[in-house]
Amino acid sequence: MESWRNWSGSVVATPARIAVPKTEAELSAIVAAAENVRVVGTGHSFMPLCETDGVLISLADMSGEIEVCPDRETVWSPAGLSIGALTQALWARGFSLLNQGDIDKQAIAGAIATGTHGTGRTLGSLSTAARAFRMVLADGSVVECDATRDPDLYEAQRVSLGALGVMSRIKIAVAPAYRLRETIRRAPLDEVLNGWDQLAAGHRHVEFFVFPYADQALLKILDLAQEGDDPTPTEGGTYKLFCDIATAAPFLAPTLQRIMTGAITSSTRAAPAHRIFPSERDTRFEEMEYEIPAAAGPDALRAAIKEVRRRRLPIIFPFEFRTVAGDDIWMSPMNAGPCVSISFHQYARMPWREAFAVVEGVFAAAGGRPHWAKRHTLNADDVVRLFPMAKRWGEVRKRVDPTGKFLNAHLRQLFAFSI
Ligand SMILES: Cc1cc2nc3c(=O)[nH]c(=O)nc-3n(C[C@H](O)[C@H](O)[C@H](O)COP(=O)(O)OP(=O)(O)OC[C@H]3O[C@@H](n4cnc5c(N)ncnc54)[C@H](O)[C@@H]3O)c2cc1C
């Protein structure tokens, strides 16, 4: 038995076998023969989505070519391709993804399975760009679904945590290739929160980071650019050093956070979009994220910071605040309208459960729903209460996988209503 762990190190599993098929036919035979299966992308999820004592399938060896569709607005991508490899291949053909998140290491299938998103008031998650899926179902059959071919399976699959089958190829909406200019600057947190609507409306992408014990936010603004090819990254070794010091002496965190924030200087750079979106994330952390109705977002962040300070929680990572457009995906936490997305991180080597419980209470009270891949404590009753289409999603799950081949302990608990 080989052991497997996720990116942050908080989920460790010992699957009976790790299978790395090279072809769809091989993938289909593995799925058909297995009793329990989970599929893994690159293991960047914080929740135990890929934990299994059955067969863990990776599509890392099934990469293949992308195929531009005749409409030149969509492409078929191998599901196991990393976002980085996909966006490079797109750029070479004159296309970009409509939006991207913080990193580009994830498999495109892994990112779509959990509703991974970037920031942008009018831009939805990567799942909203998925136009069709080619999938291997529990019995090994290969199907394609979209808005007209088995639309229920398509709707259910758009955010589905690998619980319905294994995607082998995904048809994704793309944009003509574009460049972005990034501006980084510091601003007082109150000023940013009070003017958030104008800021978000004034730029293609805006987000900010704020340490819980600092009063200055670090703004990251991206707008379309005509030219530029300087993708020099901004995060460096100082931050890792800071985390290591704060781990050894958590009581120093407030002072360090003020020093760190004060040391940040303004900068700009411009380059092809896919080289500007991702940052290096070398320092491992654990993360929770809630999607909160847009109007309630600023107050939810203020309340969370207040709680962290009141309880003197030793948090040494910043909050991250982004906007995401509303969508119509059954199991998407963005399906009730425009959201702000607030992430709460902790250095992986420091305790996080107590602080996450406190902040989760604040975000839930603000009407938030969690990012499925990041730490949360929802149970099946919560899922039914919070997601009006959950039972319909559960019916599709039961139809395509009646024995629960694709469910692990975490998903059985989360989706007990569908068993
Ligand atoms: C450093 C870091 C930065 C991040 N930044 C962002 C961000 O900016 N925005 C954001 O929203 N999230 C972000 N995330 C979360 C991340 O995007 C999600 O956890 C995503 O699901 C990870 O993709 P993965 O390829 O690692 O998938 P995994 O974690 O390996 O798997 C995730 C899910 O996808 C399923 N899956 C994988 N491949 C397939 C397939 N072929 N068919 C069916 N199901 C499949 C798995 O079964 C599992 O349920 C970040 C995470 C980290 C660690």
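This is a predicted model: local features need pLDDT of at least 70, side-chain atom pairs count only at pLDDT 80 or more; totals for chains, interfaces and linings use all residues.
The ligand is surrounded by 32 residues, the closest being Gly-41, Gly-101, Gly-110, Gly-162 and Ala-373. Two or more residues of this shell are contributed by each of strand 4 (37-40), helix 3 (108-113) and strand 11 (166-173). Helix 3 supplies the largest share, with four residues. By residue class, the shell around the ligand consists of 16 nonpolar, 13 polar and three charged residues.

The protein chain is divided into domain 1, spanning residues 4-58, and domain 2, spanning residues 180-370. Four residues of domain 1 and five residues of domain 2 take part in the contact. On the side of domain 1 that touches domain 2, one residue is nonpolar, three are polar and none is charged. The centres of the two domains, taken over C-alpha atoms, are separated by 31 Å.

Helix 10 comprises 14 residues, 297-310, and extends 20 Å from its first C-alpha to its last, close to the 20 Å expected at 1.5 Å a residue. The buried residues of helix 10 are Gly-297, Pro-298, Ala-300, Leu-301, Ala-304, Ile-305 and Val-308. These residues lie on the same side of helix 10 because they cover an arc of only 160° around the axis. Lys-306 and Arg-310, by contrast, are exposed on the other side of helix 10. The packing partners of the buried residues are helix 5 (189-194), helix 6 (196-202), strand 17 (285-293), strand 18 (319-324), strand 19 (339-347) and helix 11 (353-365). After helix 10 comes Arg-312, which has a positive phi, near 50°.

Glu-51 is located in the loop between strand 4 and strand 5 (55-58). Glu-51 counts as buried because it has 21 C-beta neighbours inside 10 Å, the criterion being 20 or more. When neighbours within four places in sequence are left aside, the contacts of Glu-51 are Val-11, Ala-13, Asn-408 and His-410.

Technical notes
Residues are numbered from 1 along each chain as its sequence is written. A residue is near a molecule or strand if its C-beta atom, placed from the backbone, lies within 6 Å of it. Ala, Val, Leu, Ile, Met, Phe, Trp, Tyr, Cys and Pro count as nonpolar, Asp, Glu, Lys and Arg as charged, and the others, Gly among them, as polar. Domain bounds come from an automatic or database domain assignment. Two residues are in contact if their C-beta atoms, placed from the backbone, lie within 7 Å. The expected span of a helix is 1.5 Å times one less than its number of residues. A residue is buried if 20 or more other C-beta atoms lie within 10 Å of its own, exposed if 12 or fewer, and partly exposed in between; C-beta atoms are placed from the backbone. The arc is that of the directions from the helix axis to the C-beta atoms.
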